[in-house]
Amino acid sequence: MSVAPDAVAATLATAFAIGCAFGWLLERAGLGSARVLVGQFYFANLTVFKVLFSALVTAMLGAFWLDRAGALDLGAVYVPDTFAVPQAIGGLLFGGGLLLAGLCPGTSCVAAATGRGDGLAVMAGLVAGVLAFNVAFDRLDQLYASTPLGTFTLPDLLHLPTGLVVALVAGMAVAMFVAAEHLMRSRQS
Amino acid sequence: MIGLHRTMALVALILGGAAAASDGSGPAGTRRLVADIAAGRDWTTAVALAERIKAGERPSIFDLRGQEEFQRFHIPSAVPATLLDLLETRLPRSAFIVVYADGARAAQAWTLLRMRGYRDVFYLREGLYEWIARVHEPALPVDATPTERADFDRRAALSRYFGGQPRIDVPRAQMPAGYWTAGGDLGHRPPVATALLVAAIRRRGC
């Protein structure tokens, strides 16, 4: 099945616009600063948690209600497959790199765009890592495809209706925001 | 700023609470389900399935007839399954899935899989009977028209690909009837019709 060139161009243009908006919001939220990101690991600055959880809850509620309104087909939304061991290793590497560099891929772009040297250095490391991974892929492909668990979502995993899971996540997020505010106030006082 | 945060939290709680109160699959999802059934997008033909497999696609095919019937004969690469198995199965959301059974179970399985979020799901309207009659043992009537002959040639190639046995010069009255024939019944064959076809294949040692 071929995809019309117009559709590809429209998709790429949309992706570019969303990417720019994402970068701008990250920058405005202060996530271009390594100090802000690393502060999360020491519970000294919960900006990362608040920004990313706000985005998550907004996207979740938006997608859910757009689906209910018939404007979005949630069933057509791509859900990545789960490969337990390789993704656990990848998560550890990612977390270690984030702690070490103070930036993740998205925020390193933002930091580089605002002229920060550490952002440029992390982006260079990112490109080097991608190249190294692809060069070594023939040796890693067995690990890469090991322990496949298929695709599943929270409603699948918990055997609960989607609407109820949406409510639980929204409620949990609000409770955690309140807790985060209290923690920050107690640290400041 | 605190006021804005409180308002956002309140909106999130209201939308979340309303989500819990709404139906599990949602009216939009249900509408799409009904629209797909009405437009005939819920089923595929055995010939279309065979052509997609021959073209290199690897569908997940579930045979819902029971272990005993499955052991006797099944569509190549199919696996036996129950509705409970389908409730637990984990496949990519975009997986190409085909289910078949004798009777309404296939349509029930289709609905279950669609409710679970799988999009590319189809069932065979006449189950294994259709596979045997249309793909495994395509028949050419003795008084075939040129159109019927061309269609047979296409299906005979599929039959050979799947290790079947095309039949030629079949009396018109003995041609397998189905939704694909003029005047053929719509709906599934009785299980006994499928069992007779399977028994005939096994007698030949195929």
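The model is predicted, and local features were accordingly considered only at pLDDT of at least 70 and side-chain atom pairs only at pLDDT 80 or more, whereas totals for chains, interfaces and linings use all residues. Residues are numbered from 1 along each chain as its sequence is written, with chains lettered from A and ligands numbered from 1 in the order in which they are written.

Chain A contains nine helices and two strands, where helices (H or I, at least four residues) and strands (E, at least two) are DSSP runs numbered from the N terminus. In order from the N terminus, the elements of chain A follow the pattern α-α-α-β-α-α-α-α-β-α-α. Of the 189 residues in chain A, 17% are buried, a residue being buried if 20 or more other C-beta atoms lie within 10 Å of its own, exposed if 12 or fewer, and partly exposed in between, with C-beta atoms placed from the backbone. Among the contacts in chain A with a separation of 6 or more, 59% are between residues 24 or more positions apart; two residues are in contact if their C-beta atoms, placed from the backbone, lie within 7 Å.

Two helix pairs of chain A were examined, with axes taken as lines fitted to C-alpha atoms, for helices over the stretch in contact, and with angles running from 0 to 180 degrees between N-to-C directions. Helix α2 (residues 34–41) of chain A packs on helix α3 (residues 47–68) of chain A at an angle of about 90 degrees, the axes being 7 Å apart, and α2(A) is therefore roughly perpendicular to α3(A) (angles under 35 degrees count as roughly parallel, over 145 as roughly antiparallel, 65 to 115 as roughly perpendicular and the rest as oblique). V36(A), L37(A) and Q40(A) of α2(A) form this contact with T47(A), V48(A) and F49(A) of α3(A). Helix α5 (residues 105–113) of chain A and helix α6 (residues 117–135) of chain A likewise pack with their axes 7 Å apart, at an angle of about 135 degrees, so that α5(A) is oblique to α6(A). On the α5(A) side, P105(A), S108(A), C109(A), A111(A) and A112(A) meet residues of α6(A) that include L120(A), V122(A), M123(A) and L126(A).

Between the chains, 28 residues of chain A are in contact with 21 residues of chain B. The elements giving two or more residues to the chain B side of this contact are α1 (2–21) and α2 (26–38) of chain B, and α1(B) gives the most, with eight residues.

The largest nonpolar core comprises 36 residues, and those with the most contacts inside it are V98(B), V99(B), Y100(B), A106(B), A109(B) and Y123(B); a nonpolar core is a set of buried Ala, Val, Leu, Ile, Met, Phe, Trp, Tyr and Cys residues joined through C-beta atoms within 7 Å. Elements that each supply at least two residues of this core include β4 (96–100), α6 (105–115) and β5 (120–124) of chain B, while α7(B) gives the most, with six residues.

M175(B) is located in the loop between β7 (167–170) and α9 (191–203) of chain B and counts as partly exposed because it has 18 C-beta neighbours inside 10 Å. Not counting residues up to four places away in sequence, M175(B) touches A139(B), P141(B), V170(B) and T181(B). M175(B) and V142(B), 33 residues apart in sequence, lie 9.8 Å apart in space, C-alpha to C-alpha.
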